[in-house]
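Q: I'd like to learn how to read the pockets in a protein model. Can you walk me through this one?

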Amino acid sequence: VEVDVRRSADGVPMLLHDRWLLRTTGRPMRLEWVDAARASRLRLRGGGTVPTFAEALAALGPTLKIAIDVKDAGAGDAVIAEVRNQGLGERALFWSQHERAVRTAVASAPDLETSLLRDTRNPAELRQFLADATTFGARGISAHWSQVGPDLADRCREAGIRLYAWCKRPSIEPEKARLLHGVVTDWPGAARELVDAGFTPGA
């Protein structure tokens with residue numbers, strides 16, 4: 001599973017994609033302005049309340065892995081501390097688009113697989129992306145779906161970097177999926193079909 005994490009005003013990591021709470025709770029404020037106790041009482045539009053990262057890890061179950069997209073550049077230490085607290089280091093992937101968060105994870109949790117996220121759309125941006133991932137010490141990247149191809153897969157393999165991508169449509173092209181170590185999707189049924197058909201990550 002893949003989740004997005006940001007910190008509350010008192011530094012508690014919580015599950016939230018947006019910086020603002022408006023879309024999900026109707027409240028025109030940022031999570032960073034509210035402490036965790038108050039944020040946990042806010043009602044989500046679809047039902048329930050804003051969960052903490054700790055609650056999400058506790059609900060993970062015995063076999064699933066979790067990819068943690070750290071949206072808050074300064075949340076790395078708090079995220080890693082909670083992963084450690086629940087003994088899930090072997091099942092957690094640390095992802096972020098922020099250099100600070102990636103470097104924090106690489107330095108303080110070298111056992112975690114840490115990946116740099118970036119939407120690159122041309123060759124020059126892609127070259128810089130791979131160079132930055134290597135410089136920061138990342139062991140993986142998550143690239144824009146349009147950039148996934150044999151050339152990128154070869155370059156990642158040569159650099160010892162795992163390749164992930166987010167497919168934003170329900171149809172996942174098998175020829176692209178075979179180049180990846182993992183696919184992020186809002187349609188898990190489509191991904192399950194690939195697995196059932198013999199999809200081998202990173203093949």
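A: A pocket here is an open set of points on a 1 Å grid over the protein atoms alone, where a 1.4 Å probe fits and protein lies on both sides within 12 Å along at least five of seven lines. The volume is the space filled by probe spheres set on the points, which are joined across faces, edges and corners. Keep in mind that this is a predicted model, where local features need pLDDT of at least 70, side-chain atom pairs count only at pLDDT 80 or more, and totals for linings use all residues. Residues are numbered from 1 along each chain, and side-chain values use heavy atoms, without hydrogens and water.

Q: Which residues lie nearest the centre of the largest pocket?
A: Lining residues have an atom within 4 Å of a point. Here there are 31, with Val 1, Lys 65, His 181, Gly 182 and Val 183 nearest the centre. Strands S3 (66–70), S4 (92–96) and S8 (182–185) and helix H9 (188–196) each give two or more residues. Helices (H or I, at least four residues) and strands (E, at least two) are DSSP runs, numbered from the N terminus.

Q: Which element gives the largest share of that lining?
A: That's H9, with 5 residues.

Q: What about the second largest pocket, what is its volume?
A: About 510 Å³. Its lining has 22 residues, and Asp 69, Leu 117, Asp 119, Trp 166 and Lys 168 are the closest to its centre. S6 gives the largest share, 3 residues.
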